[in-house]
Amino acid sequence: MKIKAKMKRDMAVVKVLAKHPMETGLRKDKKTNEVIPAKFIKELVCTHNGNVVFHADFGRAVSKNPYVSFSFAAGKKGDIVTMTWTDNTDETLAVEAPIK
Amino acid sequence: MREKRRLLLKGLIGFTTMAAAMTAMPRLAMAKWSKAFDNASVEGALTDLYGDAALTTDDAITLKVPEIAENGAVVPVTVKTKMANVTNISIFADKNPQPLAASFTLPEGTASEVSIRIRLGETQVVKAVVEADGKLYTTEKEVKVTIGGCGG
């Protein structure tokens with residue numbers, strides 16, 4: 001997961017690029033004709049100083065390698081933000097990044 | 001073996017953050033979430049997500065989408081509004097098999113502007129819904145899709 005967190009005036013602007021296949025479960029393998037099982041991020045959360053500052057719930061229609069962008073007021077330069085995603089197979093990943 | 005350990009460690013870090021995040025999302029809300037995302041109609045998904053509240057079209061919501069999306073698999077969408085006390089922004093694609101694409105919960109202090117990239121299976125209307133002060137507001141735009149984004 002790539003995270004860019006930067007102060008812009010008094011807001012911390014966060015841009016996240018998660019690396020994830022985001023399989024909708026609607027595609028078929030062209031060779032075997034079997035449905036490729038759904039594997040997509042269901043939830044993406046950003047926490048800062050123990051508070052949730054952003055919470056996104058995704059359906060199957062979010063693109064592969066999801067990109068989201070948002071901003072929040074409580075961040076300061078040097079603070080850490082933590083982005084965590086959880087997918088429909090219960091796999092999860094958490095990455096931290098400093099606010100620049 | 002190393003891969004498993006990394007995944008476990010990542011899982012552990014994820015778990016503690018998840019625990020913090022989970023407390024922010026009550027269980028009832030989670031059940032509503034699943035239903036809404038599986039619903040095959042815009043109206044159904046709206047009810048699942050927000051209950052029976054009425055929607056008011058409002059041009060104080062800016063919905064930025066391309067007029068023509070050449071690649072339906074990656075369509076950038078930005079929703080922003082200057083309304084006060086925005087608690088939620090959701091994005092629907094009316095002809096997708098499951099119209100609710102994403103729903104953003106915005107705590108106090110988080111700006112009411114979100115960007116995301118979604119899949120559109122065909123030319124259709126993208127609808128943004130903003131919940132502010134317990135009321136629902138909406139705006140929508142049609143996006144022409146050249147190559148559908150649902151794959152296969």
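1. In chain B, strands β8 and β9 (residues 135-147) pair in the antiparallel sense over 9 bridges; helices (H or I, at least four residues) and strands (E, at least two) are DSSP runs, numbered from the N terminus. Two strands pair if DSSP finds at least two bridges between them. Within this pairing, B:K127 stands opposite B:E140 of β9(B). The two strands make a hairpin with 2 residues between them, and B:D133 in the turn has a positive phi of about 55 degrees.

2. The structure is a predicted model, in which local features need pLDDT of at least 70, side-chain atom pairs count only at pLDDT 80 or more, and totals for chains, interfaces and linings use all residues. Residues are numbered from 1 along each chain as its sequence is written, while chains are lettered from A and ligands numbered from 1 in the order in which they are written.

3. Strand β8 (residues 124-132) of chain B is largely enclosed by the rest of the structure, because 7 of its 9 residues are buried. A residue is buried if 20 or more other C-beta atoms lie within 10 Å of its own, exposed if 12 or fewer, and partly exposed in between, with C-beta atoms placed from the backbone. β8(B) also pairs with strand β5 (residues 86-93) of chain B, in the antiparallel sense and over 7 bridges. B:I89 stands opposite B:V130 of β8(B).

4. Chain B as a whole comes to 3 helices and 9 strands, in the sequence pattern α-α-α-β-β-β-β-β-β-β-β-β. Buried residues make up 36% of its 152 residues. Of the contacts in chain B between residues at least 6 apart in sequence, 65% join residues at least 24 apart; two residues are in contact if their C-beta atoms, placed from the backbone, lie within 7 Å.

5. Chain A has 0 helices and 7 strands. Its C-alpha trace spans about 50 × 20 × 15 Å along the principal axes. Of its 100 residues, 45% count as buried. Residues 24 or more positions apart account for 52% of the contacts in chain A with a separation of 6 or more.

6. The contact between the chains takes 36 residues from chain A and 38 residues from chain B. On the chain B side, α1 (2-23), α2 (27-38), β6 (100-105) and β7 (113-118) each supply at least two residues. The most comes from α1(B), with 8 residues. The chain B side divides into 22 nonpolar, 12 polar and 4 charged residues; Ala, Val, Leu, Ile, Met, Phe, Trp, Tyr, Cys and Pro count as nonpolar, Asp, Glu, Lys and Arg as charged, and the others, Gly among them, as polar.

7. Strand pairing also crosses between the chains. Strand β4 (residues 51-58) of chain A runs antiparallel to β6(B), and 4 bridges join them. A:F58 has B:A102 as its bridge partner in β6(B).

8. The largest nonpolar core has 61 residues; such a core is a set of buried Ala, Val, Leu, Ile, Met, Phe, Trp, Tyr and Cys residues joined through C-beta atoms within 7 Å. Those with the most contacts inside it are A:L44, A:V62, B:I91, B:A101, B:A102 and B:I118. Leaving aside neighbours within four places in sequence, B:A101 is in contact with residues including A:G59, A:A61, A:V62, B:I91 and B:I118.

9. A:L17 is found in strand β2 (residues 11-17) of chain A. A:L17 counts as partly exposed because it has 15 C-beta neighbours inside 10 Å. Not counting residues up to four places away in sequence, A:L17 touches A:K2, A:N65 and A:Y67.
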